[in-house]
Structure formats: C-alpha cells, structure tokens
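Biologist: I would like to learn how to read a few features of a protein model, and I would be glad of the general idea before each case.

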Amino acid sequence: MTEKDLSTSNPITAEDNCPDSKPLEIYMFVDPLCPECWALEPIIKKLQIEYGQYFSLKHVLSGRLATLNMNKKTKYENIAELWEKTASRTGMSCDGSLWYENPIVSPYLASIALKAAELQGRKCGIRFLRKLQEMLFLEKQNIATFDVLKTCAASVGLDVVEFVADIHSASAAKAFQCDMKITSEMEVSEIPTLVFFNENIEEEGIKVTGYYPYEVYVQIIEEMLQIVPEKADPPPLESFLKCFNLVASKELSVVYNKSIQEMEREMKKLQLKQLVEQIPAKYGMFWKYIG
C-alpha cells in the first residue's frame, strides 16, 4: 500500500500519525506471495480510512511461503489453483499461470528485499510491498529476481544502490529473523493473520486468521476500544486514486461502499477526462491514475 497522511480532515491512510497516540495496534502477518494477503488489501484500506485514527498498523513477515519446498511440479499446480480460487472468490485478481510459465523457486529473496526496503523508512517498505504484489499478481513477474526487485525499488522511489546493498546486509537479515521470532512468539501459523492489541499490555491480543468480512474487523475494534468509534468519511475519489496510484475496482467498491458496476461507471468518466487509464486483469479491472 502506498501510504500518505490520515486525519479526519484528510482520511486516506493511518500510517503518518504517531503510533504512540493511538489506542490500538494491529500486527498484520503477511508474505509477499500470499494471495489472501493481497485479497485483504481492500479491507485494510477501508479500515485505515474509516478508523485509522484509532490504530497503528505493523506489517510482520511470516515467512510461511518462504519455507515451502517448491521443487515439485505438484506444488506449483497447487499454488496456481489457490491463486485462481482466491481471485474468483475475492475479486482481487491474481493469475495462477505464473507458476507454470515463470515459477518462483526461491521466494526468500523477496522477503529479504522487503526488509531492505523498510530500512529506508516504514512508508518505503509499505509502498514496496504493494508494488511487489502488483508485479507478482497482475504482471506475473518473478519477484525473487534481482532485476525485478530493483525495478520495483526504483518505481517506488527508493535509493536503488542503497537497497541492493541492504539486501546483502546483516541488518535486513536480522530484521527478517526478528519477524520470524514475533511470528513464533504470537503462535501465528497461517497467513494472513491480524492480531489486535490495546493500550493495556496485560491484556491478550485478539487474533484473527484468514479473510473475513469487513464488519468482523470493525466489531473487534469496537470491542477493544469499548466505545463506538467515530467513522471517518472516504476522501474524494480523485484524491484516493492520486494517493494509491493503481487500484482495483474491487478496492473502490469496498472503500466507497458501492457496487463494482457503479464504481466502474465513475472510473470511466474519469477515463474520458484522461485522469485514469484502464488496466485489464484476468479477474476484474484495475485503474491507474495518470492525472
């Protein structure tokens, strides 16, 4: 996710506000290759827009896919099938044919690269993760190759020389191991998993594994705050597009609480104004802001 400022007056994301000032913290356990994590993007965006003033979000690499033995053909077939099912069920496109045409043999490098990106700042890491997901699920790029990783880093404005050096550094390896330790300590065995914590450190967090309707996450936030939080309105459509650059019709539908057909009609109006371009995908449609 490409992140910018969030306040009640400019509700696009939660990430720029000071985490210490927020009553909740959410740990989101992810893997760059996980289609369910990709499928959660619309829900995470909506949560950050509507309730981001109440929580900070921390991404933690689970390493689950990085430990898979991917040397067998059947493994690729299983992953391809999972991608296709996830896309058709959630509306967030991912093309399983990648695993037949350009399989990712060593996904560990993508995880280390994400930690290297984060060394240039938390928001840099968030932008890098979103771009990795776009290149993987939409463009069918092998995100475990240096050329693709460098292209990804450059496209989100990272210092590429520093990024490449950090991939090989002890700092990135240590950060990755730290995420593995958190995953183990919180007994996270599946991804995606969200763990909600409140200000009372003595209370246990609430762990939610898998993909659930938006209302489930809102209910957890309400329970942990013990109040009905004030919901922020979504920003003007063009502001949203300018912030995130590339978004799915599904994401727009979730954030603006309208049908995909309604949102695509709105997007086609912007297309006529040459503010966006349509990016066809195997499942659904994406829109790129060209302003």
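This is a predicted model: local features need pLDDT of at least 70, side-chain atom pairs count only at pLDDT 80 or more; totals for chains, interfaces and linings use all residues.

Modeller: Residues are numbered from 1 along each chain as its sequence is written, and side-chain values use heavy atoms, with hydrogens and water left out.

Biologist: What is the strand order in the open sheet of 4 strands?

Modeller: Strands of a sheet pair through backbone hydrogen bonds, and they do this either parallel or antiparallel. Strands (E, at least two residues) and helices (H or I, at least four) are DSSP runs numbered from the N terminus, and two strands pair if DSSP finds at least two bridges between them. Here the order is E2-E1-E3-E4, with mixed pairing, and the edge strands, E2 (55-61) and E4 (206-209), each pair on one side only. E1 and E2 run parallel and are joined by 7 bridges; Val30, for instance, has Leu61 in E2 as its bridge partner.

Biologist: Which helix lies across E1, E2, E3 and E4?

Modeller: That is helix H10 (residues 214-225), which runs at about 20 degrees to E3. Axes are lines fitted to C-alpha atoms, for helices over the stretch in contact, and angles run from 0 to 180 degrees between N-to-C directions.

Biologist: Is Thr193 buried or exposed?

Modeller: Buried means under 20% relative accessible area, exposed over 50%, and partly exposed in between (1.4 Å probe, protein chains only). Thr193 has a relative accessibility of 0%, so this residue counts as buried. Thr193 belongs to strand E3, and its contacts (heavy atoms within 4.5 Å), leaving aside residues up to four places away in sequence, include Tyr27, Val188 and Thr209. The side chains of Thr193 and Thr209 also make a polar contact at 3.2 Å; such a contact is a pair of N or O atoms within 3.5 Å, where within protein one must be able to donate a hydrogen and the other to accept it, and residues adjacent in sequence count only if both atoms are side-chain atoms.

Biologist: How many aromatic pairs does a search of the whole structure find?

Modeller: Rings of Phe, Tyr and Trp (its six-membered ring) pair if their centres lie within 6.5 Å, and planes under 30 degrees apart count as stacked, over 60 as edge-to-face and the rest as tilted. The search finds 10 aromatic pairs. In one of them, the ring centres of Tyr27 and Phe197 are 5.5 Å apart and the planes stand at 75 degrees, so the pair is edge-to-face. Tyr27 lies in strand E1 (residues 24-30) and Phe197 in strand E3 (residues 193-198), so the pair ties together parts that are 170 residues apart in sequence. Tyr27 is buried, at 15% relative accessibility, whereas Phe197 is partly exposed, at 23%.

Biologist: Where does the charged end of Lys45 sit?

Modeller: A charge sits over a ring if NZ of Lys or CZ of Arg is within 6 Å of the ring centre and within 35 degrees of the ring normal. The charged end of Lys45 is placed over the ring of Phe244, 4.6 Å from its centre, and Arg89 lies over the face of Tyr211, at 5.7 Å from the ring centre.
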